[in-house]
Amino acid sequence: MENLTNQVLTLANGKGYLVLRQAVYRGVVYFLAAEVTPDGEDFTNEFVFFEKTDTDGKFNVKKVKDEAILKVLASNIKID
């Protein structure tokens, strides 16, 4: 598993998210990320958990929506 902490993920919609933390829960990789401004110089107020998925061998992420998983991630992944 490649560590993507401190890397910017650019989604298909053009939004960029800086990976603050990365974790594995029940064999699935999750990222806590902060949305960056379009110029890449600052953060917005949006923080999101992403789940890593592989589609046809390609790296993808999707926003975590499962409340139970969000609760576990939020209580175990800390920002210093």
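**View 1. Strands E3 and E4 make a hairpin with 6 residues between them.** Gly40 sits in the turn and has a positive phi of about 75°. This is a predicted model: local features need pLDDT of at least 70, side-chain atom pairs count only at pLDDT 80 or more, and totals for chains, interfaces and linings use all residues. Residues are numbered from 1 along each chain as its sequence is written, and side-chain values use heavy atoms, without hydrogens and water. Strands (E, at least two residues) and helices (H or I, at least four) are DSSP runs, numbered from the N terminus. E3 covers residues 28-36 and E4 covers residues 43-55. The two run antiparallel, joined by 6 bridges. Tyr30 has Glu51 in E4 as its bridge partner.

**View 2. E4 and E5 form a hairpin with 2 residues between the strands.** Asp56 takes a positive phi near 50° here. E5 spans residues 58-63 and pairs with E4 in the antiparallel sense over 6 bridges. Two strands pair if DSSP finds at least two bridges between them. Thr55 stands opposite Lys58. Asp54 stands opposite Phe59.

**View 3. An open sheet is formed by 5 strands.** Their order is E1-E2-E3-E4-E5, with antiparallel pairing. E1 (8-10) and E5 stand at the edges with a single partner strand each, so one side of each has no neighbour in the sheet. On average, neighbouring strands are turned by 45° against each other, direction ignored.

**View 4. Helix H1 lies across E2, E3 and E4.** H1 covers residues 67-76, and E2 covers 16-25. The helix runs at about 115° to E4. Axes are lines fitted to C-alpha atoms, for helices over the stretch in contact (heavy atoms within 4.5 Å). Angles run from 0 to 180 degrees between N-to-C directions.
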